[in-house]
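Colleague: I'm still new to reading models like this one. Please pick one part and take me through it slowly.

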Amino acid sequence: MNLLARHVIFRALLRWTAAVAFCIPLKHRPHARLRALGMLLPLLGLTYVLDPASQSTSLHELQFSLLTLYVAFFVLLGMMIYACVEIDKKSALYCAVWSLLASQTAYECWHLVEVFFERRGTPLDLRSLPVMLAQLAAGAFFYFVICTTLSRKVSYKGGYNIGPRQLTSAFFIGILFMFQAALLSGGQVVVLDRSLIMTMFVGQFYFLTLLYFQTEVFKKSAIQKEMDTLNLFFYMSASGSSIRWRGRTSRSSTSAADDGELRLSLMSSMA
């Protein structure tokens with residue numbers, strides 16, 4: 001029951017679900033489902049070991065614990081995605097950043113629901129069946145939203161065109177996001193003012209929007225490169241056809257002139 005009180009299973013399932021959702025529109029490797037299921041146990045173990053709420057007594061310790069958790073799951077989810085779908089390592093790590101930020105957002109929303117009932121004087125019983133069913137429903141809704149919107153929007157032709165600059169930028173955006181999450185995920189959120197909570201939510205929404213716009217900019221850049229390559233190919237093809245046509249025309253005119261001269265010489269010899 002301690003696992004339920006600390007949301008270990010719930011948080012691990014959210015992260016695993018987000019990573020699976022980003023794998024759905026991509027080309028899968030052989031035995032991808034078994035590999036994804038095999039990574040669920042390490043995710044549970046790492047979530048249990050790296051629990052910021054139980055290991056931190058101050059805000060600075062909580063921020064450091066969340067940063068350590070972010071880096072650890074950044075690597076673990078990147079390994080899981082790379083093992084399940086046919087993309088390069090940079091793209092897998094980029095999907096891991098999206099998975100972490102999306103799952104953290106979903107967990108914060110659930111945590112605020114708990115805070116809301118706690119402020120009303122009716123805290124939720126995490127061991128009760130209705131609350132467990134509500135968590136399952138929230139996780140299913142989260143998976144549906146990621147599968148139908150975000151995972152299909154950020155990919156391009158079943159893959160990603162991720163460079164070192166884009167991956168580095170996404171990684172540091174995730175770090176800033178987690179610093180905001182340190183306040184929204186801990187016990188301090190109960191005593192915080194509502195306006196401050198809303199300000200932090202706006203800040204996190206800004207980081208998510210920034211990461212999404214960065215993805216769209218690099219996607220359009222890749223599309224523009226493809227268009228430039230196609231235009232260059234068509235231009236070279238048209239130039240080659242023109243040169244070949246001119247060559248054939250010049251050769252035919254030269255042969256016609258030679259035939260005329262030959263006829264004139266024959267006529268003069270006969271005369």
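Modeller: Let's start with a word: a residue is buried if its relative accessible area is under 20%, exposed if over 50%, and partly exposed in between, using a 1.4 Å probe and protein chains only. Keep in mind that this is a predicted model, where local features need pLDDT of at least 70 and side-chain atom pairs count only at 80 or more, while totals for chains, interfaces and linings use all residues. Numbering runs from 1 along each chain as its sequence is written, and side-chain values use heavy atoms, without hydrogens or water.

Now look at Arg11, which sits in helix 2 (helices are DSSP runs of H or I, at least four residues, numbered from the N terminus). Arg11 counts as buried because its relative accessibility is 5%.

Who's across from it? Thr47 is 36 residues away in sequence, yet 7.4 Å away in space, C-alpha to C-alpha. In helix 4 (residues 40-49), Thr47 is buried along with Leu40 and Leu43. These three lie on the same side of helix 4, because they cover an arc of only 60° around the axis (judged by directions from the axis to the C-beta atoms).

Next, the packing: helix 2 (residues 8-23) meets helix 4 at about 130°, with axes 9 Å apart. So helix 2 is oblique to helix 4, meaning the angle isn't under 35 (roughly parallel), over 145 (roughly antiparallel) or 65 to 115 degrees (roughly perpendicular). Angles run from 0 to 180 degrees between N-to-C directions, with axes fitted to C-alpha atoms over the stretch in contact. Contact means heavy atoms within 4.5 Å, and the residues making it include Arg11 and Trp16 of helix 2 and Thr47 and Tyr48 of helix 4.

Key. Helix = DSSP H or I, 4+ residues; strand = E, 2+ residues; numbered from the N terminus.
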